[in-house]
Amino acid sequence: MRRAQLTILSVLLALAMSGCIGGGKRLNLDFRPQGGLQLTTGIVQLLVVDNRPSKQLVGPEATSRDLLKESQTGLMDITTTMPNGTSISLSHLSVPALVYESVKNKLSTMGITANPDTSGAKARVTVYVTEFVIDVEGSDYVGRVALRAVIDRPGLQTVHTTVASAQGTKFRLMGDMGANDPISDALNKCVNSLDFSGINTF
């Protein structure tokens, strides 16, 4: 029994020394856009508006426990793996910037190129972030993401709206360990659930 306890302590010490426990690393999300309905190839203007009541990425309970220090500033890293296996990694992204990149890559799997300007755009896609938070509830990390996308074209009355929200949960092992998975899960479910078929109207 004592030998087993010593082994566990040795493993925990090794993890702590490697920075895995309480290492204070930024959240590193794993996003995998799912190729949905193929739309008529074209360009859209993509805008992201941060409409969260609280602009805090790390929730109050996690903050009070001094967890996720490097992301308390609101910044994250993300690795996007496209359906063809190509990976794109970006770092130090704010919530609006991360949502922009995620939606842009999701649209690309559907044959749509997204840019921040109007050049060549046949429609405008405005994504409103209404929730994007990671916090601790009991012994779990819980991530929540909620988005609303409005598809329109200035000068036309036609408007399409799509809404999605999702939650991811994972047992909090130690310190910051376990936080990446639930917020990644929520992001994947939310972005991949948005219905962009309204782009074909324009």
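In this predicted model, Val 129 makes contact, beyond its neighbours within four places in sequence, with Val 48, Val 49, Asp 50, Asn 51, Arg 52, Val 95, Val 99, Ala 146 and Leu 147. Val 129 belongs to strand S6. Its relative accessibility is 0%, and because buried means under 20%, Val 129 counts as buried. The C-alpha atoms of Val 129 and Asp 50 are 4.9 Å apart, although 79 residues separate the two in sequence.

## The sheet around strand S6

Strand S6 (123-137) is part of an open sheet. The sheet holds 5 strands in the order S5-S2-S6-S7-S8, and the pairing is mixed. Strand S5 (112-115) and strand S8 (159-171) are the edge strands, each pairing on one side only. From one strand to the next, the twist averages 25 degrees. In general, the strands of a sheet pair through backbone hydrogen bonds, either parallel or antiparallel.

| Strands | Sense | Bridges |
|---|---|---|
| S2 and S6 | parallel | 7 bridges |
| S6 and S7 | antiparallel | 13 bridges |
| S7 and S8 | antiparallel | 13 bridges |

Val 44 stands opposite Ala 123 in S6. Strands S6 and S7 form a hairpin with 2 residues between the strands, where Gly 138 takes a positive phi near 65 degrees.

One side-chain arrangement involves a charge and a ring: the charged end of Arg 148 sits over the ring of Tyr 128, at 4.5 Å from the ring centre. The count of aromatic pairs, in contrast, comes to 0.

## Helices that pack on the strands

Helix H3 (residues 95-108) packs on the sheet and touches strand S2 (42-50), S5, S6 and S7. The direction of H3 makes about 155 degrees with that of S2.

Helix H4 (residues 180-193) lies across S6, S7 and S8, and runs at about 160 degrees to S8. H4 also lies across S1 and S3, where its direction is at about 35 degrees to S1.

Which residues of H4 are buried? They are Pro 182, Ile 183, Ser 184, Ala 186, Leu 187, Asn 188, Cys 190, Val 191 and Asn 192. The cover over these buried residues includes strand S1 (27-31), strand S3 (76-81), H3, S6, S7 and S8.

## The sheet of three strands

A further open sheet has 3 strands in the order S1-S3-S4, again with mixed pairing. Its edge strands are S1 and strand S4 (87-93), each of which pairs on one side only. The twist in this sheet averages 15 degrees from one strand to the next. Strands S3 and S4 run antiparallel and are joined by 5 bridges. Among the residues involved, Thr 79 has Ser 89 in S4 as its bridge partner.

## Two residues with positive phi

Leu 68 has a positive phi of about 55 degrees although it is not a glycine. This residue lies in the loop between helix H2 (60-64) and S3. Is Leu 68 buried or exposed? Its relative accessibility is 2%, and therefore Leu 68 counts as buried.

His 92 is likewise not a glycine, yet has a positive phi of about 60 degrees. His 92 is found in strand S4. With a relative accessibility of 47%, His 92 counts as partly exposed, because that class covers values between the limits of 20% and 50%.

## The chain as a whole

The secondary structure of the chain comprises 4 helices and 8 strands. From the N terminus on, these elements run α-β-β-α-β-β-α-β-β-β-β-α. The chain has 202 residues, of which 42% count as buried. Among contacts with a separation of 6 or more, 71% are made by residues 24 or more positions apart. The contact between Val 129 and Asp 50 joins residues that are 79 positions apart in sequence.

Key: Residues numbered from 1 in each chain as written. Predicted model: local features only at pLDDT ≥ 70, side-chain atom pairs only at ≥ 80, totals over all residues. Heavy atoms only, no water. Pairing = 2+ DSSP bridges. Axes fitted to C-alpha atoms, helices over the stretch in contact; angles between N-to-C directions. Contact = heavy atoms within 4.5 Å. Buried < 20%, exposed > 50% of the residue type's maximum accessible area, 1.4 Å probe, protein only. Phe/Tyr/Trp six-rings, centres within 6.5 Å; stacked < 30°, edge-to-face > 60°. Lys NZ or Arg CZ within 6 Å of the ring centre and 35° of its normal.
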